[in-house]
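Morning, everyone. Please bring the structure up on your screens, and I'll talk you through it.

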Amino acid sequence: MLASCGDGKSSGSGSGSGSKSEVIAIAADPLEYINPLNENGSPGIQIAMAMFAPLVTTDPETGKLQNVMADSVTPDKTSQTWTIKLKAGNTFQNGQPLTAKDYVDSWNMTAMGSNAWKNNGFFSKVDGYDALNPPTPDGATPKPTAVKTLSGLKQIDDLTFSVKLKVPFSQFGLTLQYLGLAPLPEEVRKNPDAYKRKPIGNGPFKLAADWNAGDDIKLAKWDGYKGPLVPQADEITYRFIANADTAYNEFLAGNVDFVDVPSTKVKSFKTDAPDQWVTSISSGANYLVIPAWDPRFKNPKLRHAFSEAIDRKAFADLVGLSEPAKGLVAPDMAGYRDNACKYCDFDATKAKQLLQEAGGFSGPLNINYNTSSATGQIFAEAIGNMLRQNLGLTVKYTGKQGSEITELADSHKLDGLRFSGWGHDYPSIEDYLTPMFKSNGDANFAQYANPALDAVLAKGDAEPDPEKAIKLYQQAEDIALEDMPLIPLYTKSNAYLHSAKIEPRVSKFVGVSALWATFN
Amino acid sequence: MIRFILRRALAAVPIGVLVTLGVFALVFAMPGDPLRELAGDKPIPAAVLAAKRAQYHLDDPFIVQYLLSMKDILTGHFGTTFAGADIADQLRLRIPVTLKLTLLANAVQWTLGLFFGIYAGFKRNGWVDRSLLLATLVLLAVPGLVAYFAAQYLFGVELKWFPVSGVLEGFPRSYLLPALVIGVLGFAGLARLLRTSIVETVNADFVKTARAKGLGEQRVLWRHILPNALLPVVTFIGLDLAGMFGGAIITESIFNLPGLGQFMFQAIKLKEGGVVVLLSTLAFISFILINLLIDLLYGVLDPRVRNV
């Protein structure tokens, strides 16, 4: 990696023949601003990844955590207080040195609820978060609080700061690779709105030209980024093409170098662009959600009966580029077990027997699907048919907007099953189990709660030894599989097309990246 | 004439209120929380949600939200979209895009429509007339979505005659292909209407009278037949043009043209009542203006309905 960044480098001289440039299509509406701390969508984080550098990152070769801006990240004995020391000599793209104060102040700004920045939620684990986010009565505007700083965040010296969490959390070091935690320099912090379209980062690329509303984003290599993992490209253009099929056609016409394969082309991309495609191992996991609030589904045996009645192989083939799920976490996670689920092999006889032991299921079973998804209804009917044929249930289907389904579920008014999926923010099986299965977890789709599982998760969070922590999280996964609030369905790969000019980086651990492509 | 225009403008005000109120009510009645739609699958902290809800008045009752939106529109304080875009900036960027596409598409449609319509009208049951009927049926049966993608693939990807999408190559190159497809899909209807209208007019008494008076064929055609035959066509063209100013949602999406149609689509997707109402108001105003123009044009073509 380090050896290759010296070759053919024309450091911003533009259209020199040695210049390595690529055009990456983003199938989304153009961004309106670049501010990693106020961004949690995939297009925004993708751009942030090019312009900002995280504290730590996952080594694409080994899957181990590697320091980037951080020199060391050290937990105390209980994993509750974490000390982060920065490398000396790093600067922002405006030349200002990158200091611990930049992190502390940027994070405090984000944690302030009245700023309404999207990564506010990340800091809910930090001591003092509640003081900056007092409960607001319905309809009231949150006011800036008198307290402006997180009591858990302390600057120790120019390059060192510490984070005290509310409770011990052994995975906190992993969460620091999230790009949404990138620092903003002082001039941006003073007036973030003025820098919406001229961000100042600390990463490998900077804006190459003025960026106005609706424009593509043109980036040029910034020599101040010292690595590790310096991308090869000298220039990158991100082109926003909201219609994914149009973006795909732009690739076929040779106008972009890298594009995501849209769901409509999953069956045809290998013939459309032979030898120019790559796939990732997984992009998270997908489930069928059984509402925990509905007494009709209370019996775990009934849930297991549903699970046994689903032919996952057939379903994964229908979805395309997918593998049957064998547990609740994605297969590229450390701690994934391909025999975790005992109720995921398709067995109609066993399913019927379990249903009988559970006392049957009365009334029609409703399956909700998202009408704004092209495949929502097809998938719902496929699952419905399996449950109907293998368990003799009466099944009906209801199509609604995704946001309406979520809203109904939140207020316990949703009738029956629905689909959901989850992809991790940081590579730890904990980032599957906590959000979806902990009582009041951020993404607890089924609104499931089991104190035993919460206790095991807490033990894992307090366990400083990574191997032992994984064992504890696996115990939590086992409990969740016995209760089965979510039925594992499939894990899906993502496919991408790339021009002959570039070879995207494909990693078992962090997926496919055009930013770190090598040039042929 | 001034009085006529003023009368029309005044009559438009209550209609405008009804239209915007209706559209706003429709958006308001759409299921789902707009901010959740914006956030996707990721959870949003309560404080952030509350701040955003307050910023966009989402907790206010329906009529208050409507009045606040109208106030913003009338005072020109458009504010920002949920996604953080400055709405005034967006309009500045998007209105020209939609205008260029609409005018070019209509130019194609009118040229083809008038040419084939007049020709078929005078050479009834000739091969042009018959092919036109067939073409009408075929073109009406082709869904726009299919035609747009097919044209994009054939002329953009395979033959490379036109850019695949986007406005990077400017006007007119970036707009030619979508305009041609809209024009070709739309001209047949116009041509059929004109043909029928001409057929009816050709046999009208006043045309026979004109011929009987010994007027030349050219004069009969240009002074007597066409002005009368064009009346229903003008109405059709006007409605068509006004409709297109609302933005061609599907075309703009497939050809990645950042016009009003895409803006409208995003706004509806996110349930952004304010933006939807603003765009509807714009569409409504252009509709009223074009209709007014047509009524004035009617007077020019037909003295009997002249509004003085």
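**A walk through the model**

Let's start with one residue. Ala443(A) counts as partly exposed because it has 17 C-beta neighbours inside 10 Å. The cut-offs are these: 20 or more other C-beta atoms within 10 Å of a residue's own means buried, 12 or fewer means exposed, and in between is partly exposed, with C-beta atoms placed from the backbone. Ala443(A) sits in the loop between helix H13 (430–437) and helix H14 (451–461) of chain A. From Ala443(A) to Tyr432(A) is 11 residues in sequence and 9.2 Å in space, C-alpha to C-alpha.

A word on what you are looking at. This is a predicted model, where local features need pLDDT of at least 70, side-chain atom pairs count only at pLDDT 80 or more, and totals for chains, interfaces and linings use all residues. Residues are numbered from 1 along each chain as its sequence is written, while chains are lettered from A and ligands numbered from 1 in the order in which they are written.

Now confidence. pLDDT is the predictor's confidence in each residue, from 0 to 100. Chain B averages 86, and 96% of its residues score at least 70. For the complex, the predictor gives an ipTM of 0.84 and a pTM of 0.86.

Next, chain A as a whole. Chain A has 15 helices and 21 strands. Those are DSSP runs, numbered from the N terminus: helices are H or I with at least four residues, strands are E with at least two. The C-alpha trace of chain A spans about 70 × 55 × 45 Å along its principal axes. Of the 520 residues in chain A, 48% are buried.

What is inside? A nonpolar core is a set of buried Ala, Val, Leu, Ile, Met, Phe, Trp, Tyr and Cys residues joined through C-beta atoms within 7 Å. The largest one has 89 residues, and Ile24(A), Ala25(A) and Val259(A) touch the most other members. Another core, of 60 residues, lies apart from it, with Tyr287(A) and Leu302(A) among them.

Last, the two chains together. How many residues of chain B are in contact with chain A? There are 36, and they meet 39 residues of chain A. Contact means C-beta atoms, placed from the backbone, within 7 Å. On the side of chain B that touches chain A, H3(B) gives the most, with 6 residues. By class, that side has 17 nonpolar, 11 polar and 8 charged residues. Nonpolar covers Ala, Val, Leu, Ile, Met, Phe, Trp, Tyr, Cys and Pro; charged covers Asp, Glu, Lys and Arg; the others, Gly among them, are polar.

Note on methods: Contact = placed C-beta atoms within 7 Å.
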